[in-house]
Amino acid sequence: MKKVEIITRPDKLEGLKELLTAHNCHGMTVSTVMGCGTQRGYVAEMNLPELNINLLPKIFVMTVIEDSELDKVLTDIYEALGTGTVGDGKVFVYDVVEVMRIRTGERGEKAL
Ligand SMILES: Nc1ncnc2c1ncn2[C@@H]1O[C@H](COP(=O)(O)OP(=O)(O)OP(=O)(O)O)[C@@H](O)[C@H]1O
Ligand SMILES: [Mg+2]
């Protein structure tokens, strides 16, 4: 199982929800966050003081998926969310050691 964290533009949320649903995603956790990347929250062309950081609103979507879905999910995220401009976002992927559905005590993929 893989934990996938997607940080991207707020206007991409609906498309992302549809995309994940199409990939047999069993659940997701979504929050609004503030963040910056390489440009420290500014457009690339601006020449800013080294320590100046501007945080921009982003959405943070976390989902745990089956290993077999990972490549397809990443490809679809790139195709659906990529605009080729700075600030499109980033995806972080982690191995998940265990999952348990608290209601039943089920473990592993069947608990997703
Ligand atoms: N290394 C990082 N660690 C944690 N969060 C990050 C990291 N890089 C980006 N993020 C998060 O992702 C959001 C979008 O990042 P962004 O797409 O601007 O990344 P980037 O590396 O600057 O790429 P680009 O050059 O395409 O803009 C940031 O606002 C921040 O919330
Ligand atoms: Mg950036």
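Okay, let's start in a loop: asparagine 24 sits between helix H1, residues 13-22, and strand S2. Before I go on, keep in mind that what you're looking at is a predicted model.

Arginine 40 counts as partly exposed, with a relative accessible area of 21%.

The largest pocket has a volume of about 420 Å³. There are 18 residues lining that pocket, and the closest to its centre are Cys36, Gly37, Gln39, Lys58 and Gly87. In terms of strands, S3 (56-65) and S4 (89-95) each put at least two residues into the lining. Which of the elements gives the largest share of the lining? That's S4, with three residues.

Now, salt bridges. Side chains of opposite charge can pair when their charged atoms come close. Searching the whole structure turns up eight salt bridges. I'll walk you through some of them.

My pick is aspartate 88 with arginine 9, where the N to O distance is 2.8 Å. This pair ties together distant parts of the chain, 79 residues apart: aspartate 88 is in the loop between helix H2 (70-81) and S4, while arginine 9 is in the loop between strand S1 (2-8) and H1. So is the aspartate in that pair buried or exposed? Aspartate 88 is buried, because its relative accessible area is 16% and the limit for buried is under 20%.

Then there are a couple of pairs further along. Arginine 101 bridges to glutamate 106, with the closest N and O atoms 2.8 Å apart. Both partners are partly exposed: arginine 101 has 24% relative accessibility, and glutamate 106 has 26%. Arginine 107 meets glutamate 98 in a salt bridge as well, at 3.9 Å from N to O. That one counts because the cut-off is 4 Å. Arginine 107 comes out at 47% relative accessibility, so partly exposed, and glutamate 98 is partly exposed too, at 42%.

There's also a network of salt bridges, and that one links Lys2, Asp67 and Asp95.

Last stop, the nonpolar surface. Met34, Ile53 and Leu55 make a nonpolar surface patch of about 310 Å². Methionine 34 belongs to strand S2, residues 29-35. With a relative accessible area of 53%, methionine 34 is classed as exposed, because the cut-off there is over 50%.

If you want something to look for in the viewer, start with the bridge between aspartate 88 and arginine 9, then turn to the patch made by Met34, Ile53 and Leu55. That's it from me.

Note on methods
Residues are numbered from 1 along each chain as its sequence is written. Chains are lettered from A and ligands numbered from 1 in the order in which they are written. This is a predicted model: local features need pLDDT of at least 70, side-chain atom pairs count only at pLDDT 80 or more; totals for chains, interfaces and linings use all residues. Side-chain values use heavy atoms; hydrogens and water are left out. Patches are made of residues with over 30% relative accessible area and no salt bridge: like charges are joined within 9 Å, nonpolar side chains (Val, Leu, Ile, Met, Phe, Trp, Tyr) within 5 Å. Accessible areas come from the Shrake-Rupley method with a 1.4 Å probe; for residues, only the protein chains shown count as cover. A salt bridge is a side-chain nitrogen of Lys or Arg within 4 Å of a carboxyl oxygen of Asp or Glu. Helices (H or I, at least four residues) and strands (E, at least two) are DSSP runs, numbered from the N terminus. Buried means under 20% relative accessible area, exposed over 50%, partly exposed in between (1.4 Å probe, protein chains only). On a 1 Å grid over the protein atoms alone, a cavity is a set of points where a 1.4 Å probe fits but cannot get out, and a pocket is an open set with protein on both sides within 12 Å along at least five of seven lines; lining residues have an atom within 4 Å of a point. Grid points are joined across faces, edges and corners, and a volume is the space filled by probe spheres set on the points.
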